[in-house]
Amino acid sequence: MSYFNYYNMNLSIEPSTRQNDHFENVFIAEEDLQDRTWINCEFIRCNFQGSDLSGNNFIECHFTDCDFTQTKLNGTGFREVVFSNCKIDDVNFSVCNPFIFSFSFTECVLDHADFHETNMNKTSFKNCSLIGTNFEETDLTEAIFENCDLDGARFIDSILEKTDFRTAHNFNIDPTLNRLKRSKFSGSNLIGLLQRYKLDVEYN
């Protein structure tokens, strides 16, 4: 594996395919890095804020402490990609390549991200902030929301079958507007399914 640690490294002039490389502290905000392939690469404390990563393919890559705020992902593919402690605010995943679309998120901020009409079955979200995130018409079959904040997240016509919400909080899911067969909840967060009824629930 090659290691790169340049704060102002210009990846736009690098080879279009990189494999088994390690990038650390690379600042590439607001750069055009379209139509590139990254295989088994590791990115640590890299800044992609405002960058255009359209047409890129990330295969088995790992991002740690990276900033993707408002990054453009038109046609971008992610296959078995891991995001850890990343800031991914206001990012539209609904325009990604739907045929290369699998990842997991741990301790990430995904506020106001858009997953509309995507297939996210078995996706794992752990200790993530998903405030205002759009999951309308999203397939979240067997997805896991472990200790996630879903305040204001939108679930309409979503497939939530076998989805695990047992430790999630602040969600508002209308059972009449979503598919919830065998989805998992805890007794303490069932109120998130009843808000449309405006009930006054007391906890003893």
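This report describes the fold, core, aromatic pairs, cysteines and one lysine of a predicted model.

## Basis of the values

Local features in this predicted model need pLDDT of at least 70 and side-chain atom pairs count only at pLDDT 80 or more, while totals for chains, interfaces and linings use all residues. Residues are numbered from 1 along each chain as its sequence is written, and side-chain values use heavy atoms, with hydrogens and water left out.

## Overall fold

The protein chain has zero helices and 11 strands. Both are DSSP runs numbered from the N terminus, helices being H or I with at least four residues and strands E with at least two. In sequence order the pattern is β-β-β-β-β-β-β-β-β-β-β.

Of the 204 residues in the protein chain, 48% are buried. Buried stands for under 20% relative accessible area, exposed for over 50%, and partly exposed for values in between (1.4 Å probe, protein chains only). The accessible surface of the protein chain is about 10,200 Å², and carbon and sulfur atoms hold 44% of that surface; accessible areas come from the Shrake-Rupley method with a 1.4 Å probe, and for residues only the protein chains shown count as cover. Among contacts in the protein chain with a separation of 6 or more, 3% join residues 24 or more positions apart. A contact requires heavy atoms within 4.5 Å.

## Nonpolar core

The largest nonpolar core contains 50 residues, and Phe93 and Phe105 have the most contacts inside it. Such a core is a set of buried Ala, Val, Leu, Ile, Met, Phe, Trp, Tyr and Cys residues joined through side-chain atoms within 4.5 Å. Strand 8 (77-84) and strand 9 (101-106) each supply at least two residues of this core.

Leaving aside neighbours within four places in sequence, phenylalanine 105 is in contact with residues including Phe83, Ile88, Phe93, Leu110, Phe115 and Met120. Thr123, Ser124, Lys126 and Cys128 are also among its contacts.

## Aromatic pairs

There are 38 aromatic pairs. Rings of Phe, Tyr and Trp (its six-membered ring) pair if their centres lie within 6.5 Å; planes under 30 degrees apart are stacked, over 60 edge-to-face, and the rest tilted. Phenylalanine 63 and phenylalanine 83 form a stacked pair, at 5.2 Å centre to centre and 10° between the planes. This pair links distant parts of the chain, with phenylalanine 63 in strand 7 (residues 62-64) and phenylalanine 83 in strand 8, 20 residues apart.

Phenylalanine 68 and phenylalanine 83 form an edge-to-face pair, with 5.5 Å between centres and 80° between the planes. Phenylalanine 68 lies in the loop between strand 7 and strand 8 and phenylalanine 83 in strand 8, so the pair ties together parts 15 residues apart in sequence. Phenylalanine 63 and phenylalanine 83 are buried, and phenylalanine 68 is buried too.

## Cysteines

The structure holds zero disulfides, a disulfide being a pair of cysteine sulfur atoms within 2.5 Å. The closest cysteine sulfur to that of cysteine 46 belongs to cysteine 66 and is 4.7 Å away, too far for a bond. Cysteine 108 is likewise in no disulfide, the nearest cysteine sulfur being that of cysteine 86 at 4.8 Å. Cysteine 46 is buried at 2% relative accessibility, and cysteine 108 is buried at 1% relative accessible area.

## Lysine 184

Lysine 184 is in the segment after strand 11 (144-146) and is partly exposed, at 38% relative accessible area. Not counting residues up to four places away in sequence, lysine 184 touches Thr163, Asp164, Phe165 and Arg166. The C-alpha atoms of lysine 184 and arginine 166 are 5.8 Å apart, and the two residues are 18 residues apart in sequence.
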